[in-house]
Amino acid sequence: MRTRNRSVAWLLILFMLVVLISGCTKSGEDEETTSPTTQTEAPAPVTTTVEKVTYGGREFSISYAGYFPIKNADGSYQSSLDEEWDAAYRDLEDRLDIKIIYVPLPEGDALEHLTAAAMSGTVLADLIRTRQNTYWPA
């Protein structure tokens, strides 16, 4: 019984080696497969028109000053990166017909103001960035 299992195992190993070797060898004949060529007409190119997206002069308000370029007291930019950033904002405003403005949050406890605004449905800004350093209710 044991020799029979060994024989079957050796036959399987031998079979797998033969398949492996035959798959890796290159035959002497290069078989060229030719498919019948049929001429088909190419479809006409489809032209699509892209409509310009505009928001009709809508103002997008951002409540975090860190998202805006920094200017010196004389009106010049602090760095060339700030100047590029401002140019990108102006390009975005022109392309989409929008206005991006800075709206500071009310002074005092930011969490209290944000909670009151959320509960009453008052929109303080479109984009608000806050950090939680006070856990409420305390």
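Guide: The following dialogue goes from the overall fold to single residues.

Guide: This is a predicted model, in which local features need pLDDT of at least 70 and side-chain atom pairs count only at pLDDT 80 or more, while totals for chains, interfaces and linings use all residues. Residues are numbered from 1 along each chain as its sequence is written, and side-chain values use heavy atoms, with hydrogens and water left out.

Visitor: How many helices and strands does the protein have?

Guide: Helices (H or I, at least four residues) and strands (E, at least two) are DSSP runs, numbered from the N terminus. Here there are 3 helices and 2 strands, in the order α-β-α-β-α from the N terminus.

Visitor: What percentage of the residues count as buried?

Guide: Buried means under 20% relative accessible area, exposed over 50%, and partly exposed in between (1.4 Å probe, protein chains only). Of the 138 residues, 9% count as buried.

Visitor: Which residues make up the largest nonpolar core?

Guide: In soluble globular proteins, nonpolar side chains tend to be buried together. A nonpolar core is a set of buried Ala, Val, Leu, Ile, Met, Phe, Trp, Tyr and Cys residues joined through side-chain atoms within 4.5 Å. The largest one here has 5 residues: Ile 62, Phe 68, Tyr 89, Ile 98 and Ile 100. Leaving aside residues up to four places away in sequence, the contacts (heavy atoms within 4.5 Å) of Phe 68 include Trp 85, Ile 101 and Tyr 102.

Visitor: Is Leu 20 buried or exposed?

Guide: Leu 20 belongs to helix H1 (residues 2–24) and counts as exposed because its relative accessibility is 52%.

Visitor: What is the phi of Asp 97?

Guide: Most residues other than glycine have a negative phi. Asp 97, although not a glycine, has a positive phi of about 55°. Asp 97 lies in the loop between H2 and strand E2 (98–102), and is partly exposed because its relative accessible area is 37%.
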